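Hi,

Here is the structure I promised to pass on. Have a look at it first, then read my notes below.

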Amino acid sequence: MVDEGKAILLRLCERIEAEQPSDLPTLYGLTQAATEEFNALDREFMATGSGIETVAREWICDEFCFVASAYGFTDADAEVLTAGRDW
């Protein structure tokens, strides 16, 4: 499951590179799609009797911020990057 989380983040990077968002609302649209993927992953975890743990949740949010910053969106709001998360 950890590899699946890594793949979600890599797909987010690929989408950012392909679509080259020019503003925060466009970036937020891309991160929302990735957040939905993490929601689905959490449902898979739940089906096995587990879930995304608190430390992992924080790490995932930090990674979203890192990705945004790496692509020049240093003023991205951490809460908006992962809005819609249910983990």
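**What I found**

Phe-38 and Phe-64 are both buried, meaning under 20% relative accessible area, where over 50% is exposed and in between is partly exposed (1.4 Å probe, protein chains only). A quick note on the source: this is a predicted model, where local features need pLDDT of at least 70 and side-chain atom pairs count only at pLDDT 80 or more, while totals for chains, interfaces and linings use all residues. Residues are numbered from 1 along each chain as its sequence is written, and side-chain values use heavy atoms, leaving out hydrogens and water.

Back to those rings. Phe-38 and Phe-64 make a tilted aromatic pair, 6.0 Å centre to centre with 55° between the planes. Rings of Phe, Tyr and Trp (its six-membered ring) pair if their centres lie within 6.5 Å; planes under 30 degrees apart are stacked, over 60 edge-to-face, and the rest tilted. Phe-38 also has a tilted pair with Trp-87, with centres 5.9 Å apart and planes at 55°. Ring pairs join Phe-38, Phe-64 and Trp-87 into a cluster.

Now the cysteines: there are zero disulfides, a disulfide being a pair of cysteine sulfur atoms within 2.5 Å. For Cys-13, the nearest cysteine sulfur belongs to Cys-65, 13 Å away. Cys-13 is buried, at 18% relative accessible area, whereas Cys-65 is partly exposed, at 26%.

Cheers
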